[in-house]
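Q: Please take a close look at one helix in this structure: what covers its buried side, and how is the rest of the helix placed?

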Amino acid sequence: MKKIGILNHDISEVISSMGHTDSIAIGDCGLPIPDNTKRIDLALIKNIPTFIDTLKAVLLELKVEEIVLAQETIDVSPKVFEDIKSAVGDVKITVISHEELKKELKNCKAVIRTGEQTPYANVILKSGVVF
């Protein structure tokens, strides 16, 4: 049995298959996920699991060189934005509209759906290189 890190098979499998600049998204429970994008649904009940807990768990295993988030996250949910910045540290942040972010989901290897109900609690993580 796996001793540390992500125990969820689907998330672990996607992360282990990612190469440089591949992406995975983490979203709130209302984020529309394209039909052709792998959906990893963790949502149990309201806010379980939370967006930020899920992000922190993924960051334990995934080297991230850039994140993409919506301007609406900054404008409507500034606490979520601050939590994201704190979790990712010194990583490039690209800001686009929420509509653009939804279109970018089709290019993600997967979207992890959380139980989060805070508006615009969504992020795309672009994989970096481990040296």
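A: The buried residues of α1 are covered by, among others, β1 (23–27), β2 (38–41), α2 (51–61) and β5 (110–113); contact here means heavy atoms within 4.5 Å. Helices (H or I, at least four residues) and strands (E, at least two) are DSSP runs, numbered from the N terminus. This is a predicted model, in which local features need pLDDT of at least 70 and side-chain atom pairs count only at pLDDT 80 or more, while totals for chains, interfaces and linings use all residues. Residues are numbered from 1 along each chain as its sequence is written, and side-chain values use heavy atoms, with hydrogens and water left out.

Helix α1 spans residues 9–17, and its buried residues are I11, V14 and I15. Seen down the axis of α1, they fall within an arc of 95°, so they line one face of the helix; the arc is that of the directions from the helix axis to the C-beta atoms. H9 and S16 are exposed, on the face turned away from the buried side. Buried means under 20% relative accessible area, exposed over 50%, and partly exposed in between (1.4 Å probe, protein chains only).

At the N-terminal end, N8 caps α1, with a side-chain oxygen 3.0 Å from the backbone nitrogen of D10. The side chain of D10 also forms a salt bridge with K38 (3.9 Å, N to O). That pair links distant parts of the chain, since K38 is in strand β2 and D10 in helix α1, 28 residues apart. A salt bridge is a side-chain nitrogen of Lys or Arg within 4 Å of a carboxyl oxygen of Asp or Glu. D10 is partly exposed, at 30% relative accessibility, and K38 is partly exposed at 34%.

Terms used
Polar contact = N/O pair within 3.5 Å; in protein donor to acceptor, adjacent residues only side chain to side chain.
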